[in-house]
Amino acid sequence: MSELSGLRLLVVEDESHVAMLVEDMLADMGCDVVASAARVSEALKLIEATDIDAAVLDVNVAGEKVFPVAEKLRDRKIPFVFATGYGAEGVREDFRTYPVVPKPFPQSQLQKALIKAIERW
Amino acid sequence: MHGRPDPTAPLDFLSGGGCLGALIRAHDWAATPLGPPHTWSQVLKTLVSVMLGSSQPMFIAWGPERILLYNDAYSEILAQKHPAALGQPFLDVWDEIRDDLIPIVEQAYAGEPVHMDDITLFMMRRGFREETHFAFSYTPIRDETGAVAGFLCPCIETTAQVMAERRQAAEKERQQRLFEQAPGFITVLTGPNHVFEFVNQAYVRLFGDRDYVGRTVRDVFPELEGQGFFEWLDQVYETGQRFVANHLPVRLQASPGAPAKHLVLDFIYEPVIDEAGIIGIFCEGHDVTETHIAQQALAREKERLEILNRIGSQLASELDLDTLVQAATDAGVALTGAQFGAFFYNVVNQQGESYMLYSLSGVAREAFSRFPMPSNTAVFHPTFAGEGVVRSDDILKDPRYGKNDPYYGMPKGHLPVRSYLAVPVISRSGEVLGGLFFGHERPSVFTQEHENLLTGIAGQAAIAIDNARLFRASQHEIGERRRAEEALRDLNHTLETRVAERTAERDRVWKNSRDLLVVVDADGIFRAVNPAWTEILGHAPDEVVGHSFLDFIWPEDAALTQSGLDDAVSSRDLTNFENRYTHKDGTPRWISWHTSAEGDLVYAYGRDVTAAKEQEEALRQTEEALRQAQKMEAVGQLTGGIAHDFNNLLTGIVGSLDLMQTRIAQGRTEAVERYAKAAMSSAQRAAGLTHRLLAFARRQPLAPRTVDTNKLVVSMEDLLRRTLGEAVQMEFVTAGGLWLTRCDPHQLESAILNLAINARDAMPDGGRLTIETCNTHLDHAYTALHPGVRPGQYVCVAVTDTGTGMPPEVIERAFDPFFTTKPLGQGTGLGLSMIYGFAQQSEGHARIYSEVGQGTTVKIYLPRFNGAVEEEAETAGLADAPRSETGETVLVVEDEPVVRDLIVDVLKDLGYRALEAVDGPSGLRMLQSSRRIDLLVTDVGLPGMNGRQLADQAREHRPDLKVLFITGYAENAAVASGFLEQGMEMITKPFAVEALAIRIREMIER
């Protein structure tokens, strides 16, 4: 268990097998994945409907950029990390200061990024 | 009342009175009940006096005996009864009509006057019974006492008048009966308003049952207003002049809206005149409609025959094909009133579907030249097949119209055609020479008569064309013969001079030629060479003459040249035979030879094509480089899209491995298998992706193979989906029964991928991409418009997007190299030009169809290949790979131990005996031994002696040794086509083990 234990999380990821792995990793860290979305529109609705503490965002979600979701989270002051196959350059200018986990990543990297994200707040 | 007679009384009242006066005076009245006249009452005396003084027939019946007294005029009525009747009782006199008379006589005696206009009495007054008619009145006369004493009767006999009237009536009835049954129509009109008095049956039959009698002509026939009839009637009535009409058309309409009836009539209006003047009009006539039609038809037929005859003689006298076809077309247009006409010549090709526009009438040639020749559509077919005339009132409504590719009807911009008439022109031999076509933009212009006329003209034209062809053939024959004779004569005359001239000329050619001229014998010894040899190859002629060609040939071409020489000696003349000779400075020169043999000697003419060869090679290399550049550009496009996918797959692998480690550390091994599977699945997908990328990016020369285009297209689906992204919808439409084609499949993939990328870029907001395959046939009409394309059967791949499209000026340049509409740095502009080049090199064709705002279709046509598809090497799995049963031995030469071990393991698994060598020399030693070796598998890039050198040296001992080269990506460039000899093949790293196994098996068994 770690300082992440008990955290309620949203995962946005269109590739189901990656989503599954990320959820497993988060569960190992003691987090509670309360919402998982494979589309941007779906994620936006879940933020409204669900009480979450943090989020892990894939950048390219089924051909759409995840930034509308990031904006909403930023507005609500909910911490989040990007997980992307494009590297840090794939993240929009105004989100460059947020933690980025470059794909592929081991569990430890995701954990570090999440802790960093929460500490920022 | 009868008083006593007074004999003294004067008888003055009887004076005068003509014969009857005398007779009465002489009559013995005393013997009668009246007594002597002087005794007659004053009334009677006065009456007698009046009666005798009248010229009108009169009589008096007097007294109860009704004694008759009458005057001269009445005696004529009495005829033979006179004079005996005088003084007799009236009823006795007219005894024969007593019964008729009694009632009226008694009425008069009763004091009532009688008046009758006509009484018919049958009298016996001339010795026979006769019918008589009278008009008369009986006036009762009273005596002084007031009693009726008798009556006075003035009368007129009307017998003659009645008889005349009766005859007249009978006459009229007889006439009407005649009229009634007359075959012609008859009517009698009366008065200035022409009221029908009589119409006969024929009239009613012809003009209908209209309730004529009593109505005016204008009332009965309102539809005749404006047709002149009323005016003619008025005129006849006014002038009394008859009116005669011949073949006069009339339009009748029974009621407004009813169908009109057209008749042609012959008739006469005859005024009916009596004493008072014109009282009416008699009309009599005949329906000559049918006669009229028959006459007209006859006239038209006559005219038609005259026209045909005229055209016939005009055509028959014309021996120039163009002029006569033009004359026939012009005549057709003139006769039918067509807007335009054309003659299409039937040029039957293999597909039986080419027609050549030969003549045109009524319209400028440009109106047609923009369109391809008509193809063999359902509309044209009956004409070109000679099946008969096609005449349509509206071709657009013809069921045969608009069924055919590519226009489904007339091409856009074609002259409008509704009325259509097409007549085949058929030779006496039965061959369909062509067809005469006529058109008009209005429907229903062409009639049966036009059809008859054109059929006649087509017949005449066919005969004339036959004649013109015969004439042309015979003229040609005569001309040829004349030329041959002249040539022969000329030749004989000038032979000697020519021989001399030619010898000098040949000497000059020999000396001055810039090309090689050599004479070589069957053993390959040069007998003569011209000075050009020194120019081209450096040696002086005397260094060459007497020596074998082997002394000068480029060593690698020696065998080739020997066999070429053998061919040339055995009289098979060489054309463009190319080989290399060694220049005196040691470098090679390419020479292209033409030879002709005479006896044992071969005369050869050689041209130095070294420069051309070098250019060709440079061009080939440039093209190769361009093609590769283009491909790499596409790879660049791909990798952007794939990086994300690839990292996702790696995430699947790394994440799974990470979790596996965690689980193992936690001792939770039950979860490990799940992560292992997830990792494996991701890894396999990643491998598939890289495999495709590598296969695509691999640098290799064009290697045409039999290609199943459907299979190839479908296999690209995954790759294309990744490239295009979610916004683009993809659709595959693959034709069933698609033919095979022959091309480089990698280039075709590259072409399709490039087109897909272009399509994506043309649809920034998404859209639909359709990839379609079909069989198609490019006919002569099409290839005539696209030079460089051969007619025939093609497989077509069409890539269509719903994007921005291109304006015509961009389409025109789209295939030019380096032409691009993309922003700088986003494309080289090579994509479409490479596709065009690829299609051309594959003996195919590429076309762009685009409309701004609608989208773009690019079609690639590849020639149909008639044969079977080659087996795909990578389809079978390792378990299915063929296993050795006869102990074949394979030598593996590979310096990389990991790769060598892998190959050996695979070979052993498959049941092959494997020999190993780490480098060229050790491998060569094994090959020089007598061990069984069925196949050499060697890496090309060995240190020291490379794979190629090893193979060459090995083949000196084992000429038939089969060799499979293994080569990596980097070396591939050096291994251009021509590297591999018979029995040599190549496999490129990385390869699937099953592919290796199948290749080995194939090579050993071949």
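Which residues are buried in H17(B)? They are B:Ala558, B:Thr561, B:Gly564, B:Leu565 and B:Ala568. Keep in mind that this is a predicted model.

**Helix H17 of chain B**
- Helix H17 covers residues 558–569 of chain B, twelve residues in total, and reaches 16 Å from its first C-alpha to its last, close to the 16 Å expected at 1.5 Å a residue.
- The buried residues of H17(B) fall within an arc of 120 degrees when seen down the helix axis, so they line one face of the helix.
- An α-helix has 3.6 residues a turn, so residues three or four places apart point the same way.

**Nonpolar cores**
- The largest nonpolar core holds 49 residues, and those touching the most other members are B:Ile24, B:Val48, B:Phe59, B:Leu69, B:Phe90, B:Tyr138 and B:Phe151.
- Beyond its neighbours within four places in sequence, B:Leu69 is in contact with residues including B:Trp29, B:Leu34, B:Trp40, B:Met51 and B:Leu86.
- A second, separate core has 36 residues, among them B:Val707, B:Met716, B:Cys743 and B:Met806.

**Chain A**
- Chain A contains four helices and seven strands, in the order β-α-β-α-β-β-β-α-β-β-α from the N terminus.
- Of its 121 residues, 50% count as buried.
- Of the contacts in chain A between residues at least 6 apart in sequence, 62% link residues at least 24 apart.
- Carbon and sulfur atoms account for 49% of the accessible surface of chain A, which comes to about 5200 Å².

Methods
Residues numbered from 1 in each chain as written. Chains lettered and ligands numbered in written order. Predicted model: local features only at pLDDT ≥ 70, side-chain atom pairs only at ≥ 80, totals over all residues. Heavy atoms only, no water. Core = buried A, V, L, I, M, F, W, Y, C linked by side-chain atoms within 4.5 Å. Buried < 20%, exposed > 50% of the residue type's maximum accessible area, 1.4 Å probe, protein only. Contact = heavy atoms within 4.5 Å. Helix = DSSP H or I, 4+ residues; strand = E, 2+ residues; numbered from the N terminus. Areas by Shrake-Rupley, 256 points an atom, 1.4 Å probe, with all protein chains shown as cover. Expected span 1.5 Å × (residues − 1). Arc of directions from axis to C-beta.
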